[in-house]
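Me: I've got a model open and want to talk through its aromatic contacts and overall fold. Can you take a few questions?

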Amino acid sequence: MGTTTGTRRITVAQAVVEYLSKQYTVDTVNGVEYRERLIPGTFGIFGHGNVAGVGQALKQYQQLDPAIMPYYQGRNEQAQVHQAVGYARHTRRRQTFAISTSIGPGSSNLLTGAALATTNRLPVLLLPSDTFATRAADPVLQQLEQPYAYDITVNDAFRPLSKFFDRVNRPEQLFSAFHHGLRVLTDPAETGAVTISLPQDVQAEAFDVPEEFLAEREWRIRRPDADDQDIARAAAAIRAAKRPLVIAGGGVLYAYAADELARFVELTGIPVGNTQAGVGVLPWDHQHSLGAIGSTGTTAANAIAAEADLVIGIGTRYEDFTTASRTAFQNPDVKFININVAPIDAYKHGTTLPIVADARKALAKLNAALGGYRIGADLEEKVAAEKQRWNGIVDEAFDTRHTPLPAQNEIIGATSRAMDAKDVVICAAGSLPGDLHKMWRVRDPFGYHVEYAYSCMGYEIPGGLGVKRAVLAEAAREGTQARDVVVMVGDGSYLMMHTELVTAVAERIKLIVVLIQNHGYASIGSLSEMLGSQRFGTQYRALNQEQHSFDEGETLPVDLALNAESLGVKVIRVEPGEKVIAELEQAIRDAKAAPEGTGPILIHVESDPLLDAPSSESWWDVPVSQVSELDSTKQAFQTYTDHKARQRKLLG
């Protein structure tokens with residue numbers, strides 16, 4: 001980048017758009033350097049807060065050159081964040097989108113998306129508009145007024161949900177706001193939602209912008225190396241362990257460390273269990289892969305975890321599902337080595353062996369330090385036996401045929417068989433994420449995308465659309481055929497946010513959606529029953545006026561396939577019956593055979609919500625009422641008390 005001089009008189013919004021078009025991430029992986037646009041496009045829904053600011057700027061640059069900052073329309077502000085997050089995950093956090101909104105509800109609609117991005121440690125740039133900085137018109141339409149603090153606006157709600165927040169009340173503040181905002185956006189340890197609030201009058205204000213601010217800038221992705229002393233201590237702990245276990249999280253994938261992890265486990269024989277974000281670190285049938293771990297884990301991973309004396313967490317934040325609410329590790333002498341680029345995660349469980357470093361670099365050093373070490377034959381034999389037992393359980397779940405309505409297990413099996421190795425499955429909330437976590441047979445590091453840190457109903461379709469955008473860009477860049485993206489979603493999540501199907505129709509994006517209709521909330525229904533609440537409020541039924549209950553009325557006459565058709569989506573209906581699974585599998589293959597550019601395809605299939613997935617032989621801590629008039633709740637509380645007694649602090 002050369003030095004530039006001089007200024008240009010443009011508006012704040014124009015400066016923002018041009019500035020963002022010139023930002024690049026630079027990343028080096030295995031000696032290969034990647035340089036990509038950090039912000040390849042901007043989403044926006046316009047109102048009086050941004051139509052004359054960012055909206056005008058986007059239009060102006062579109063006329064000058066559409067490639068400067070492509071605009072994407074979207075139908076819901078929250079869904080636009082989900083699209084950006086899906087894109088960011090598939091690009092391994094090297095790219096994301098900016099999102100412009102109007103003030104008031106347009107801005108506050110971003111809040112759930114901001115929380116999701118920050119919880120998942122995924123970058124997204126939020127540009128909510130704000131009320132007048134000058135207060136020339138006060139209060140304006142949609143302005144929040146608080147008598148105790150008149151400077152508070154709706155956008156202050158972003159502060160606890162963002163990894164970085166700033167408000168540009170004067171044009172000159174633009175420089176530091178975006179410099180520090182993008183610093184956080186591109187920091188692997190700190191990334192999440194970056195929110196820069198833009199008052200509507202400031203957006204349209206002109207000022208003299210230095211050409212240096214508008215020049216190209218590179219943001220190198222930090223890949224901190226591991227301290228040699230930390231590696232030596234970790235290697236000594238591993239050599240002393242009898243039953244070590246790796247827990248691999250999303251940080252392994254973001255660090256492009258899957259190959260280094262494979263070398264580590266093949267060298268040492270140490271088995272690997274993976275979190276939701278870590279699915280794909282090893283193929284499902286790898287000799288040392290135990291699959292999912294924890295509350296939604298495999299029996300294989302949980303059996304090995306129960307006896308582990310050393311847990312090597314790599315790129316995981318140890319969510320309660322991962323640790324089975326701190327009941328997974330029952331060895332009284334269990335210790336933890338935590339490798340993570342984020343200190344907050346490296347120090348979890350009170351470990352005395354934190355390694356704050358890039359996962360790939362730390363693993364490379366550990367591989368060099370552990371030459372000649374291998375676990376005992378007894379542990380290898382147990383790993384093989386437990387894997388064989390679990391694979392048999394999944395085979396049975398996939399191959400059992402229930403009629404006329406199939407189990408969700410069968411639907412997952414059919415979808416897996418119909419998809420190619422490089423295709424991507426998308427999911428988020430409900431019973432599907434848990435069932436996919438334990439049973440999905442992943443074959444590619446990019447093949448599994450389940451948002452489960454925030455478990456947000458409605459993420460599935462917009463998140464899948466974001467992944468598909470990344471897939472199409474990937475294929476264009478590499479000159480290859482685009483991966484198919486298959487969204488699996490239940491009717492509950494579909495009803496929460498299916499509006500981005502219209503976006504896919506408008507852009508003719510081929511997104512395959514498998515919509516599982518079970519007339520309610522299957523996951524919470526099952527949990528409610530386990531906790532003694534008898535599936536209360538979890539079924540889609542007509543209101544019983546006498547009891548004011550939705551639990552026992554007639555099934556609602558809602559046709560979601562027809563709903564999708566009304567939005568312009570091609571729909572394939574798979575009818576209940578003896579051949580439902582074979583027909584579903586063929587429907588997915590037919591959808592995959594459709595050429596790119598034909599728009600979204602939705603496959604509608606009904607399931608029996610009362611047929612559960614195989615047990616993980618694990619637990620999740622959800623408190624049960626300590627006193628109750630319901631016998632079902634009393635029994636559930638006794639079960640809860642028994643599990644609670646196994647919970648540990650895990651300090652060490």
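**Aromatic contacts and overall fold**

Me: Which residues form one aromatic cluster with Tyr19?

Reply: Keep in mind that this is a predicted model. Ring centres have to lie within 6.5 Å to pair. The cluster with Tyr19 is made up of Phe175, Phe178, Phe207 and Phe213.

Me: How many aromatic pairs does the count come to?

Reply: The pairing rule goes by ring centres within 6.5 Å. By that rule the count is 15 aromatic pairs.

Me: Is the pair of Phe46 and Tyr71 stacked, edge-to-face or tilted?

Reply: Planes under 30 degrees apart would be stacked and those over 60 edge-to-face. Here the ring centres are 5.5 Å apart and the planes sit at 35°, so the pair is tilted.

Me: How far apart in sequence are the parts that Phe46 and Tyr71 tie together?

Reply: Phe46 is in the loop between strand 4 and helix 2, while Tyr71 belongs to strand 5. Phe46 is partly exposed at 35%, and Tyr71 is partly exposed too, at 29%. The pair links parts separated in sequence by 25 residues.

Me: Which residue lies over the face of Trp284?

Reply: Over at Tyr34, the ring face has Arg94 at 4.5 Å from its centre. For Trp284, the residue sits 4.3 Å from the ring centre, and it's Arg441.

Me: What radius of gyration does the protein chain have?

Reply: The chain has 652 residues, so a compact globule would come out near 26 Å. Of these residues, 58% count as buried. The chain's own value agrees with the globule estimate: 26 Å.

Methods: Residues are numbered from 1 along each chain as its sequence is written. This is a predicted model: local features need pLDDT of at least 70, side-chain atom pairs count only at pLDDT 80 or more; totals for chains, interfaces and linings use all residues. Side-chain values use heavy atoms; hydrogens and water are left out. Rings of Phe, Tyr and Trp (its six-membered ring) pair if their centres lie within 6.5 Å; planes under 30 degrees apart count as stacked, over 60 as edge-to-face and the rest as tilted. Helices (H or I, at least four residues) and strands (E, at least two) are DSSP runs, numbered from the N terminus. Buried means under 20% relative accessible area, exposed over 50%, partly exposed in between (1.4 Å probe, protein chains only). A charge sits over a ring if NZ of Lys or CZ of Arg is within 6 Å of the ring centre and within 35 degrees of the ring normal. The radius of gyration is taken over C-alpha atoms; the globule rule is 2.2 Å times the number of residues to the power 0.38.
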